[in-house]
Amino acid sequence: MKDFDSLVGIWNEQKTAPKVDYKEVIFAYKRGRNKLSAKLLREALLMLLALGAVAYVAASVDFDFWTSYLGLGLVALCCAYFVVMQFINMRKIANSNTLFDKPADHIRFLKAFKQSRHVQHTRNYKLYTLFVGLGALLYFVELFYKMGPLTMGIILIATAAWFALSYFYFLKQYIQQEEAKLQEMLADLERLNQQFSADEL
């Protein structure tokens, strides 16, 4: 009997729960989507600056070893890949503004987008880090001959520490923040979709 009473209580709570304000949810969703798009653009522009710096070094410095050019080329390709992926994601977000008119459509889009970003942050980022690291090592071959072993050792340790910090700390923070924001947007849309579906019955 006690279990039945608690079930009735839960049902009554759901029955009397206030409806989701669709205007507020849509406004929050659009604001979140615009912030994400602005963040992607900011990151792409910063990486374009890095790409420009790498290109400038490759064009202006007369290296003695071909490995330096190959290393800088690998780093430049990684920068270009990052920029292209950011613009592809921005385009997906922009297209989602006009293609769908129901909460369920946006939910499907966000779930697919979230999964795509997760793949980029995990599997693709590992390859990205591998190629950037390889590019840096090839570039360091020339520095090894021009600098002493102690200086080169410090540079290698500092570079390895930066890669480790980026991968094990900064990337995890980045993923957590982005996935939390996307999950919040999804939760709001799912509540709105449940209300939308209930109103149609």
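Tutor: Gladly. The model is predicted. Helix 4 gives the largest share of the lining of the largest pocket, 9 residues.

Student: What is the volume of the largest pocket, and which residues are closest to its centre?

Tutor: The volume is about 820 Å³. Met47, Phe82, Tyr125, Tyr128 and Ser166 are the closest to the centre, out of 29 lining residues. Helix 2 (22-60), helix 3 (66-99), helix 4 (103-146) and helix 5 (149-200) each give two or more residues to the lining.

Student: How do the lining residues divide by class?

Tutor: The lining has 20 nonpolar, 7 polar and 2 charged residues. Tyr counts as nonpolar in this scheme.

Student: Now the charged pairs. What makes Lys111 and Glu190 a salt bridge?

Tutor: The cut-off is 4 Å between a side-chain nitrogen of Lys or Arg and a carboxyl oxygen of Asp or Glu. The closest N and O atoms of Lys111 and Glu190 are 3.6 Å apart, so the pair meets the definition.

Student: Why are Lys111 and Glu190 called partly exposed?

Tutor: Partly exposed lies between the buried limit, under 20%, and the exposed limit, over 50%. Lys111 has a relative accessible area of 45%. Glu190 has 27%. Both values fall between the limits, so both residues are partly exposed.

Student: How do you know that Glu178 and Arg117 form a salt bridge, and are they buried or exposed?

Tutor: Their closest N and O atoms are 2.8 Å apart, and that is within 4 Å, so the pair qualifies. Glu178 is in helix 5 and Arg117 in helix 4, 61 residues apart. Both are buried, so each has under 20% relative accessible area.

Student: Which residues are linked with Glu178 and Arg117 in a network?

Tutor: Lys39 and Glu43 are linked with Arg117 and Glu178 in a network of salt bridges.

Student: How many salt bridges does the whole structure have?

Tutor: The search finds 7.

Key. Residues are numbered from 1 along each chain as its sequence is written. This is a predicted model: local features need pLDDT of at least 70, side-chain atom pairs count only at pLDDT 80 or more; totals for chains, interfaces and linings use all residues. Side-chain values use heavy atoms; hydrogens and water are left out. On a 1 Å grid over the protein atoms alone, a cavity is a set of points where a 1.4 Å probe fits but cannot get out, and a pocket is an open set with protein on both sides within 12 Å along at least five of seven lines; lining residues have an atom within 4 Å of a point. Grid points are joined across faces, edges and corners, and a volume is the space filled by probe spheres set on the points. Helices (H or I, at least four residues) and strands (E, at least two) are DSSP runs, numbered from the N terminus. Buried means under 20% relative accessible area, exposed over 50%, partly exposed in between (1.4 Å probe, protein chains only).
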